[in-house]
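Here are my notes on the model you sent, as numbered points. Please read them alongside the structure.

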Amino acid sequence: MNLKIAVLAGDGIGPEISRQGVNVMKAVCEKFNHTVIFKEAICGADAIDKVGDPFPEETYNICKNADAVLFSAVGDPKFDNDPTAKVRPEQGLLAMRKKLGLFANIRPVQTFKCLLHKSPLRAEIVDGADFICIRELTGGMYFGEKYQDDEKAFDTNMYTRPEIERILKVAFEYAMKRRKHLTVVDKANVLASSRLWRKIAQEMAPAYPEVATDYMYVDNAAMRMIQEPRFFDVMVTENTFGDILTDEGSCISGSMGLLPSASTGSGTPVFEPIHGSWPQAKGKNIANPIAQILSVAMLFEHFDLMEEGKLIREAVDASLDANIRTPEIQIENGQKYGTTEVGQWIVDYILSH
Ligand code: IPM
Ligand code: MN
């Protein structure tokens, strides 16, 4: 296969983990005889500094013309502490999602046996947890009508039937490929938008008779996720609820540095870690590259290159089992490996298996 990949490294630890993702991708392509061309593009605070726009037109064009985007992270504290800033790095991320039509954000939550003790939850609760959160990504309060003056402000949580139908379709299809259990998460006891979600889900469910569909209020889902994470197989929810629940979900596995995500829709799909730009760690070679590397696995799997994805997952598991780990997940008194060393170990494993 020929693959054209747009590489958006962004800010903070972005460039460091991006390099490891690219190296892993090169290694897999070499191994399986795929041709891959990388094209780098700027985004986030880096792009604001350079051209005043966190998602410049040129970056958009590079993404549009690629088969996939390998994205790392955006964000810089100099914007967080300045409420008057006119442009923010995060706007680049939102612009990318909207312009590429990426309405479905797939965030898997899984655990790694050897890291169960790293979870803030008891090992027996998280052991075996394995679910996917499907978050609607281009609607809801993030993009609805907004207003702000000094006395009043609002964000509108609007969803249309086609927006809800297309994301629920993705969710039902994921459930069919997995353990056939779908949980629709909403706040239908209070919100009109949620009632429409639930109504449409109930209309669609009979078309997927093998899928056990249940409905859960978001507050209850937040609780259930930490009480009994194994309950879930596929959950689907709107943009804001999904944003919050997936941060909660990321804690289950023990480190934010482990979990990848995919955003898909009508345009070029984007693959990225779920964590942010961790500015304090920039240039220190301590960031865990695994979330980025597993996003490369998701990228291959998106193109039905399952063996390629599997080899990456195997290499990641092997690195963890061999204690080739970045500081935040290293065992007590274990040697701490850097971003580049973990990446290189995984590359070597791929090339020699
Ligand atoms: C995420 C992030 C973004 C979001 C921010 C950076 C705009 O938190 O991808 O979850 O809220 O969607
Ligand atoms: Mn978030």
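**Notes on the predicted model**

1. His-34 sits in the loop that links helix H1 (14-32) to S2. Helices (H or I, at least four residues) and strands (E, at least two) are DSSP runs, numbered from the N terminus. His-34 counts as buried because its relative accessibility is 13%; buried means under 20% relative accessible area, exposed over 50%, and partly exposed in between (1.4 Å probe, protein chains only).

2. This is a predicted model, in which local features need pLDDT of at least 70 and side-chain atom pairs count only at pLDDT 80 or more, while totals for chains, interfaces and linings use all residues. Residues are numbered from 1 along each chain as its sequence is written, chains are lettered from A and ligands numbered from 1 in the order in which they are written, and side-chain values use heavy atoms, with hydrogens and water left out.

3. What is His-34 in contact with, leaving aside its neighbours within four places in sequence? The residues are Met-1, Cys-29, Phe-300, Leu-305 and Glu-308, where contact means heavy atoms within 4.5 Å. A polar atom of the His-34 side chain lies 3.1 Å from the backbone nitrogen of Met-1.

4. The order of the open sheet of 10 strands is S2-S1-S3-S12-S11-S4-S5-S10-S8-S9, and its pairing is mixed. Two strands pair if DSSP finds at least two bridges between them. Strand S2 (35-40) and strand S9 (212-217) are the edges, each pairing on one side only.

5. Within this sheet, strand S4 (residues 104-110) runs antiparallel to strand S11 (residues 260-264), paired over 3 bridges. Ile-106 is opposite Ala-262 in S11. Helix H11 (residues 290-302) packs on the sheet and touches strand S1 (2-10), strand S3 (68-73), S4, S11 and strand S12 (270-273).

6. The chain is divided into domain 1 (1-102 + 266-353) and domain 2 (103-264); the bounds come from an automatic or database domain assignment. Contacts join 29 residues of domain 1 to 27 residues of domain 2. Leu-102, Ile-274 and Met-298 supply 28% of the area that domain 1 buries against domain 2, more than any other three residues. Buried area here is the accessible area (1.4 Å probe) that two parts lose on being put together, summed over both.

7. Asp-149 belongs to the loop between strand S6 (146-148) and strand S7 (153-155). With a relative accessible area of 33%, Asp-149 is partly exposed. A polar atom of its side chain lies 2.6 Å from the backbone nitrogen of Glu-151, and one lies 2.7 Å from that of Lys-152.

Methods. Axes fitted to C-alpha atoms, helices over the stretch in contact; angles between N-to-C directions. Polar contact = N/O pair within 3.5 Å; in protein donor to acceptor, adjacent residues only side chain to side chain.
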